[in-house]
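This briefing is meant to be read beside the sequence and the coordinates. Please keep both open while going through the points.

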Amino acid sequence: MRTIFLASLRTFGRRYIAAQIAVSASVALIVVIGVLIAGARAGIMAADGAPYRKADYVIRAPKDDPQRRPSCCPGTLNTAAAIDLIARLGENASGLGRVALPLRRQDGAPLRSGNLRDETTVGPIANAKELRWQALVTGRLPAGIGEVVLHVWDANAMNIAIGDRILVGEGPTVAPLEVVGFVESPTTWTQASMYVTWRQYLQWRDHPTFHIGSVAVRGKIGRLPQGMTAYAPEAYVTESLARLNNGTDALALLLLLFVCVALFISIMVVANTFSILFAQRCRDFALLRCVGATKRQVTSSVWREAAVIALVASAAGTLIGVALGYGLIPLVNALAPRTPMGFPRFPAFWLLGASALGLVVTMIASLVPTRRAVQMSPLAAMRPDVPVDIHTAPGRFQLALAVALLVTGLVSLAFAMIEDSKVLMVAGGASVIVTILLIGPLFIPPMVTACGTLLGRYGRLAAANAARNPRRTATTTTALLIGVTMTTAVLTGLATWRTAIDAHRDTRLPIDVALTSLNKPISTTLLTQVRQTAGVEHAIAVNGAVARMTGLDAPIPVLAARNAEQVARDGGRFTKVAPGTIALDLDSFASRGGTLRIRPGSRVTVRVGNRQADLRVVLLSGWGKAGVIAPETLKLLTDSPEPHVIWARGSRGANWLQLVDDLDELADATGGTIEDRLQARAAGNRQLDVLEWSALGLLGISVAIALVGIANTLGLSVLERARENALLRALGLTRKQLRQILAAEALLLSVVATLLGMSIGIVFAWVGFETFVVRALRAATMEVPWISLSVVMLVVALAGLLSSIIPGRQAAAVPPAAGLLLD
Amino acid sequence: MIGQRPPAPRGGLHSAEAADVRKDVFQTPAASARALTKTFGRGEAKVHALRSVDLDLPRGRFTAIMGPSGSGKSTLMHCLAGLDQADSGAVTIAGTDLGSLDDDELTIFRREHIGFVFQSFNLLPMLTASQNILLPFELTGCRIDEAARARAAHLAEALGVANRLAHRPAELSGGQQQRVAIARALLLSPDLLFADEPTGNLDSAAAAGVLHHLRRTAHELGQTVVMVTHDPVAAKYADDVIIMQDARIV
């Protein structure tokens, strides 16, 4: 059979290209994901893990450490014990920690940068070269007491040059330091603005914020003091990765789901390719059987063929995946600097796994077509004039299976909604899709025919062609249908989620920017300036008074807003407080100086000058450090309310970071302060954007595979129909018309797939909505993104048309006479 | 793979053994059918293809089965060749009752004892002529040895296609394709060679060539040849003619 196997590969190899593309794309997808996960791992080691990179052990406090630590730095080591340990290990140990200290120039001038005013963080630099994780940019590293290196960003921000002298600390531990160099250091919890030698660092050991979080050790540790545990550096990374994954559980599930979708679609495209090719070759098989090839011989020859196809496709997919994955790493680093990725070694497990999966997928896909081809009676070869028709309608067994699957699928989906079960949802969805696959030949061809009549003459002919082989048409359509279904479900789900999150955020963060001026009332000039700042949609001054409140050391403005609906994203609802109560922004007070000691429902005394009111506390969030009271309450406290706060709303699409900067400048100039919620909002939006685009990108691959499937089906059918096409051409059909018929066929297939896919996708999205979103956000309503869906529809239809180009050219290239002679 | 060594080739066209073979021509028939009955469809649409047909095919003779379309001649041949199963009755070839074989056994039996030449589509399009001739040998799972190659070359020579061996079927004329098919059918020296309208697609000159070769096969090689045809000119080349009508031999 070797001769036959080799000759088949040589003759038909080219026709497997589409199937190979499908398999390669799936394999590449898995490899890319593998490389990116390995890249994230390497990134963690390069960033968070940097201090431990060359270490053999990391010594930390055990996770269930009973000893309580300061709230700033939980899980740090016992300072005295850690210092003793590092002294004992000498060069082989590097203590990691930070201390926050006051900072001045030696001439007494203040140094400020951003939020850190006259204060800095100082960390130690390891004695041993190998354990140093800061990278020198210019100058040199500190060699002893009295020398310091600065992080290059801080040095730039504070305008410090090499050779400058600074004073760090205060009182008895103040240290005059000379700046000897600039370094860069990765963003880890150990990152500080400046680094000194270990001996220098120990000088501040009695400062309240001084701590040693962990110790990186080379070589043997010896006896470990109590309250310390040694880990391998790898374990640290694994733990960090797990923490990262916990936050993105949904993303991991999504990735897995998309890989499954891509694989499933590949199986269908490959199975369809095999079916069509085997249908064309069924006479070869029958002849082989006649002249004495057993079923087993034919099967094994076909399987070897499939295996070669699969191996080639998997190898190509792996190569493409590796290239793409490694190419994406710098891109991810450029786009998302907060999640740095490193260049990993080859993730062998993923590469082998993906190749094996490619092989398995192809073999599974070849099972049914092979079985059908081998079941052919040898007699078929004896009747050359009878067109060989392979049984295609779903049998009774398939129908029964389909009904059973549909019922269980729908019941699972219903239960998924009631029980909020993700597993049931996925299982239900999968059953429904398999049902479509099974009974597709019953309803997809009639749909194609119905749509075809709408397209006129060519449409009818194209529809007749498409409906001729129901199983083939159904499989081709279903492959695309699944891609469109998932895309629709994800788009609808994300639109719904986004709307719900927005609504939720609007109540939690009603005011974008609050500018507070405690010392003097806001002038109309300032209000005008704020209103004229680029990116400000609207701003209002809010009347109130500066008050002192029990439980708070600093004075705060108490406000009664009458027209908050002009700027508030919740329509000003948060300002409607009942007389006798005061609403406080929980986040604003909690973010600085630890926790707010005031509990909701407790009573506080608010004093303005010599008048006071006893008010009940309501805790809300989102407008900054101010108390919101009813106008009646304000009247009790003062007769002449003055504006102390401006509330501004950012316009959509503006550069919010720039806006906050500009307003900060205005506030600084007038002695005020600003608080903003725009950055939180932007970060949230960015996260959803990343999720949406990665989901669409991944699904795009599946849809592309399915479109390759359409091109493939058309291309192979054209070969089969060469004689009919030649007859049509002989009867007067022009080349262009022939191409149009094929274009119409491709369009019909993609449009029917899109219509069905979108309907099912919206149903799936609704199930997902009931399962996921409603549980998280009770007030959410389902949102169907009609515009995005129309774009998807248009793109798929165009791509369908595009996929008909090559087959159309092939068909039109055959001269009528040659076509009629074809056997 | 199920494989057995093929029976040793029985010599060339002018072999001395041919005479020995001819000795037992009338001793045991190459194939025999007893009470073969086959119907297609049921009820009103029921069609009788074979009505209790009895037949003995003598060894070393060229037999033609003739009859109009629908007379059952093709069905008879399919049943004799083990390609189709009769409803009742028995077929015996070379002492083996075909009814007692399962699909795999029947396939291997066909490979070793029966050769086929069809009206068209005789050759695998992706193989060369020589690969097509060697196909039955390859299916036995044995390595193609010098002896097999020599026999294939000898058959090609005898059938006048020796200079076309490296070509694919698409590059051969219809007559050449049929002669390659005859060479393939003869490769393993089958007990029976079935030809189903072998000249149906050929012009008269090519047809004469093919028929001449079939006749030589029977007379010079001692090969039993059965040909189904509705062409009286083709039937003239045969030693015996069996005529079928209404699913019976007349």
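The points below cover the two chains, their contact and selected local features.

The model is predicted, and local features are reported where pLDDT is at least 70. Chain A has 823 residues, of which 44% are buried. Chain B has 250 residues, and 49% of them count as buried.

**Overall make-up**

- Chain A contains 24 helices and 22 strands.
- For chain B the secondary structure amounts to eight helices and ten strands.
- In chain A, 83% of the contacts between residues at least 6 apart in sequence join residues at least 24 apart.
- In chain B, 73% of the contacts between residues at least 6 apart in sequence join residues at least 24 apart.

**The four-stranded sheet of chain A**

- An open sheet in chain A is built from four strands in the order β2-β12-β1-β13, with antiparallel pairing.
- Strands β2 (93–96) and β13 (229–231) of chain A have a single partner strand each, so one side of each has no neighbour in the sheet.
- Averaged over the sheet and with direction ignored, neighbouring strands are turned by 25 degrees against each other.
- Helix α3 (residues 79–89) of chain A packs on this sheet, where it touches β2 and β12 (214–217) of chain A. The direction of α3 makes about 155 degrees with that of β2(A).
- Three bridges pair strand β1 (residues 57–60) of chain A with β13(A) in the antiparallel sense.
- Opposite A:I59 stands A:A230, a residue of β13(A).

**Nonpolar cores**

- The largest nonpolar core holds 206 residues, and A:V269 and A:L748 have the most contacts inside it.
- When neighbours within four places in sequence are left aside, the contacts of A:L748 are A:V448, A:C451, A:G452, A:G459, A:A462, A:A463 and A:A466.
- A separate second core has 47 residues, among them A:A583, A:V606, A:A626 and A:A667.

- How many of the nine residues of helix α8 (residues 282–290) of chain A are buried? Eight are, so the helix is largely enclosed by the rest of the structure.
- The buried residues of α8(A) are A:R283, A:D284, A:F285, A:A286, A:L287, A:L288, A:R289 and A:C290.
- A:V368 is located in helix α10 (residues 348–375) of chain A.
- Is A:V368 buried or exposed? A:V368 counts as exposed because it has 12 C-beta neighbours inside 10 Å, and the cut-off for exposed is 12 or fewer.
- The C-alpha atom of A:V368 is separated by 7.7 Å from that of A:A271, although the two residues are 97 residues apart along the chain.

- Strand β6 (residues 114–117) of chain B is covered on both faces. B:I114 and B:F116 are buried on one side, and B:G115 and B:V117 are buried on the other.
- In general, side chains of a regular strand alternate between the two faces of the sheet.
- β6(B) runs parallel to strand β7 (residues 192–196) of chain B, and four bridges join them.
- One of the bridge partners is known by residue: B:F116 faces B:F194 in β7(B).

**A helix pair in chain B**

- Helix α5 (residues 146–159) of chain B and helix α6 (residues 174–186) of chain B have axes that come within 9 Å and cross at roughly 140 degrees.
- The crossing of α5(B) and α6(B) is right-handed.
- α5(B) contributes B:L155, B:A156 and B:L159 to the contact, and α6(B) contributes B:R179, B:I182, B:A183 and B:L186.
- By class, the residues of this contact are six nonpolar, no polar and one charged.

**Contact between the chains**

- Contact between the chains involves 25 residues of chain B and 23 residues of chain A.
- On the side of chain B that touches chain A, the elements giving two or more residues are α3 (103–113) and α4 (129–139) of chain B.
- α3(B) supplies the largest share of that side, six residues.
- The side of chain B that touches chain A comprises 13 nonpolar, five polar and seven charged residues.

Conventions:
Residues numbered from 1 in each chain as written. Chains lettered and ligands numbered in written order. Predicted model: local features only at pLDDT ≥ 70, side-chain atom pairs only at ≥ 80, totals over all residues. Pairing = 2+ DSSP bridges. Axes fitted to C-alpha atoms, helices over the stretch in contact; angles between N-to-C directions. Contact = placed C-beta atoms within 7 Å. Nonpolar A, V, L, I, M, F, W, Y, C, P; charged D, E, K, R; others polar. Buried ≥ 20, exposed ≤ 12 C-beta atoms within 10 Å, placed from the backbone. Core = buried A, V, L, I, M, F, W, Y, C linked by C-beta atoms within 7 Å. Left-handed = near helix turned anticlockwise from the far one by under 90°.
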